[in-house]
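Here's a quick report to read alongside the model. Have the sequence and the 3D view open as you go.

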Amino acid sequence: MRVLALLDGTLADPDSPQIRVEDLGLMRGDGVFETILVVGGKPRELTPHLDRLDRSAAMLDMQPPPRAAFERAVELVIGNWTGGEEFALKLVYTRGVEGGDGTPTGFALGVEIGPKVHKQRAEGLSAVTLDRGIDADLADRAPWLLLGAKSLSYAINMAALREAERRGAAEVIFTTSDGSVLEGPTSTVVLVRGKTLVTPPSKFGILPGTTQYALFRAAERAGWTVLVEPIQTSELYDADGLFLASSVRKITRVNVLDGKQLPDSSALLAELQGLYESEY
Ligand code: PLP
């Protein structure tokens with residue numbers, strides 16, 4: 001099941017062509033996107049996702065995404081969804097057609113969540129650390145690299161996931177060249193030490209995660225300490241729990257990292273999932 005809504009407020013057939021071959025989103029990955037979780041007809045963290053779409057578009061010097069049109073497209077997809085209780089809602093916004101009049105292309109597409117995600121949410125996964133080839137100051141020094149923008153250029157992220165598969169793992173934790181933890185290709189890293197949650201700072205050129213933010217909000221209210229600070233790769237192996245957070249996967253535990261079995265964090269996972277769900 002899929003539902004496609006365009007920014008002019010119409011529904012379109014996702015099985016028929018909608019995008020011009022000269023679209024710069026297609027030709028150069030020149031555009032931005034968001035993926036939002038919808039549960040029981042309600043989009044989670046819609047405003048933070050739309051704010052981040054604005055922020056990513058600004059980093060690419062694009063026209064601001066038309067918020068009312070995106071909100072209408074979101075409502076249209078949700079209103080016409082007849083599939084499962086939970087689905088993923090993708091918002092896409094590109095620079096438009098090469099040589100065209102500069103009008104951006106945008107749409108909202110609802111898609112089912114695959115069985116792999118459900119399995120990983122329940123059972124956890126194995127991950128490997130991979131060098132992202134950057135240092136912690138690069139985002140500040142070279143903003144044109146668009147580190148921390150949710151741009152459509154995710155080919156590197158997808159290549160890293162294939163490298164993980166070659167190494168017998170399902171996921172990746174990117175690190176700086178000097179061993180500081182960054183993020184997953186589509187997720188935020190959350191580490192647990194006692195009653196403290198830690199995630200690396202977005203100034204390292206990583207995406208500020210809406211799921212991690214919601215979890216930290218709930219945890220802080222429940223008396224946890226939440227820290228946004230650098231994490232060294234060596235700290236990942238002996239933490240009480242290591243988790244990947246993202247809108248569609250919610251909070252997923254890492255069982256094995258770089259071939260090493262991590263401490264059993266299933267009870268912690270249940271606690272964090274409870275905190276996260278208490279936000280909705
Ligand atoms: N980091 C990257 C690179 C991502 O692509 C994503 C989401 O896909 C995240 C982190 C997690 O963000 P969110 O929790 O808002 O989905």
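## Around Thr129

Thr129 sits in strand 7 (residues 125-131); strands here are DSSP E runs of at least two residues, helices are H or I runs of at least four, and both are numbered from the N terminus. This is a predicted model, where local features need pLDDT of at least 70, side-chain atom pairs count only at pLDDT 80 or more, and totals for chains, interfaces and linings use all residues. Residues are numbered from 1 along each chain as its sequence is written, and side-chain values use heavy atoms, with hydrogens and water left out.

Is Thr129 buried or exposed? Thr129 is buried, with a relative accessible area of 16% (buried means under 20%, exposed over 50%, partly exposed in between, using a 1.4 Å probe and protein chains only). Leaving aside residues up to four places away in sequence, Thr129 touches Arg167, Ile173, Thr175, Thr233, Leu236, Tyr237, Leu257 and Asp258 (contact means heavy atoms within 4.5 Å).

## The ligand's shell

Now for the ligand. There are 17 residues around it, and Arg52, Tyr154, Thr210, Thr211 and Ser247 come nearest (a residue is near if one of its heavy atoms lies within 4 Å).

Which ligand atom does a polar side-chain atom of Tyr154 lie 2.6 Å from? That one is an oxygen atom of the ligand, while a polar side-chain atom of Glu183 lies 2.9 Å from a ligand nitrogen atom (polar contacts here pair N or O atoms within 3.5 Å).

Terms used: A polar contact is a pair of N or O atoms within 3.5 Å; within protein, one must be able to donate a hydrogen and the other to accept it, and residues adjacent in sequence count only if both atoms are side-chain atoms.
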